[in-house]
Amino acid sequence: MSDLIPPSPSEEAYAVDDDQGEVFTDQDPFALFAEWLALAGKKEMNDANAMALATVDADGLPDVRMVLLKDVDASGLTFYTNAESAKGVQLGAVPKAAVCFHWKSIRRQVRFRGTVTPVSAGEADAYFKTRARGARIGAHASAQSRPLERRFALEKQVAATAAKFGVGDIPRPEHWSGYRIVPTQIEFWVNRPFRLHDRLVFRRENETAGWTTEKPYP
Ligand SMILES: Cc1cc2nc3c(=O)[nH]c(=O)nc-3n(C[C@H](O)[C@H](O)[C@H](O)COP(=O)(O)O)c2cc1C
């Protein structure tokens, strides 16, 4: 095996692997997720709200990248991005996504699958206002995912945007908005010794149906 791959844990390491006790402590998946995210927020060195977002393009070829979760409640998971980016175009063609959180510090993973809808203009405006001025300027200046010939071109766009708005308000650009993933499947996973991990899957027929649960083999 390549030297680049870290070795598997030894028998001893497995033996002392942390026993986290009961972790599936709520029957409501959003409440359970909130609990795990709060714990991860205390333990992760940064960005406990970072999630890998998987989309597919019009040909069915998957794509994945990290984004930041900005809101979560029973209506779904919200993130913000450029609607003209690769992910925005993919979601326009196929409004379905999966996300995965992995928190190394607590050795847990949570996965969501579902449909995706754009947030309202009002909701996007309200969130945009909370962003740092520099980030608001960046949202105007960056043609996210499109080819950038030179870094200088981006810097020029940033300077031009800053000059255009001066000290005034910076409105949300039309192309920058949020998406809400409304899950029909949520899986909670916790590391257990010898890779005999614990998994709990919540499923529902559609976005308004009740949840059923299943515990699959690891
Ligand atoms: C930890 C982390 C968080 C990120 N959060 C976001 C985000 O919330 N929104 C976003 O548009 N890009 C975010 N990015 C950048 C994306 O991963 C990606 O590079 C960018 O959105 C372009 O992706 P696309 O070309 O597939 O659309 C983040 C990257 C990292 C590493």
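**Notes on a predicted chain**

1. Residues are numbered from 1 along each chain as its sequence is written, and side-chain values use heavy atoms, with hydrogens and water left out.

2. Now the overall layout. The chain has six helices and nine strands; these are DSSP runs numbered from the N terminus, with helices (H or I) of at least four residues and strands (E) of at least two. Its C-alpha trace spans about 60 × 50 × 35 Å along the principal axes. Of the 218 residues, 37% are buried (buried means under 20% relative accessible area, exposed over 50%, partly exposed in between, with a 1.4 Å probe and protein chains only). Take the contacts (heavy atoms within 4.5 Å) between residues at least 6 apart in sequence: 62% of them join residues at least 24 apart.

3. Strand S7 (residues 176-190) and strand S8 (residues 198-203) run antiparallel and are joined by six bridges. Strand S8 is also joined to strand S9 (residues 212-214), again antiparallel, by three bridges. For pairing, DSSP must find at least two bridges between two strands. To find your place, look for tryptophan 189 opposite arginine 199 in S8, then for phenylalanine 202 opposite threonine 213 in S9.

4. How many salt bridges does a search of the whole structure find? There are nine, where a salt bridge is a side-chain nitrogen of Lys or Arg within 4 Å of a carboxyl oxygen of Asp or Glu. In one of them, arginine 180 meets glutamate 123, with the closest N and O atoms 2.4 Å apart. This pair links distant parts of the chain, since arginine 180 is in strand S7 and glutamate 123 is in helix H4, 57 residues apart. Arginine 180 counts as buried because its relative accessibility is 15%, while glutamate 123, at 25%, counts as partly exposed.

5. Another salt bridge joins glutamate 187 and arginine 199, whose closest N and O atoms are 2.8 Å apart. Glutamate 187 lies in strand S7 and arginine 199 in strand S8, so the pair ties together parts twelve residues apart in sequence. Both of these residues are buried. Aspartate 198 and arginine 192 also meet through their side chains in a salt bridge (3.2 Å, N to O). Aspartate 198 is partly exposed because its relative accessibility is 28%, whereas arginine 192 is buried at 12%. Salt bridges that share partners join Arg111, Glu187 and Arg199 into one network.

6. The structure holds 15 aromatic pairs. One of them is tryptophan 36 with phenylalanine 188, an edge-to-face pair with 5.2 Å from centre to centre and 80° between the planes. (Rings of Phe, Tyr and Trp, using its six-membered ring, pair if their centres lie within 6.5 Å; planes under 30 degrees apart count as stacked, over 60 as edge-to-face and the rest as tilted.) Tryptophan 36 lies in helix H2 (residues 29-43) and phenylalanine 188 in strand S7, so the pair ties together parts 152 residues apart in sequence. Tryptophan 36 counts as buried because its relative accessibility is 1%, and phenylalanine 188 counts as buried because its value is 0%. Ring pairs link Phe24, Phe30, Trp36, Phe188, Phe202 and Trp211 into a cluster.

7. Is leucine 4 buried or exposed? Leucine 4 counts as exposed because its relative accessibility is 76%. You will find leucine 4 in the segment before helix H1 (11-15). For a contrast, go to arginine 204 in the loop between S8 and S9, which is buried, with a relative accessible area of 12%. Not counting residues up to four places away in sequence, arginine 204 touches Val182, Pro183, Thr184, Ala209, Gly210 and Trp211.

How values were computed:
This is a predicted model: local features need pLDDT of at least 70, side-chain atom pairs count only at pLDDT 80 or more; totals for chains, interfaces and linings use all residues.
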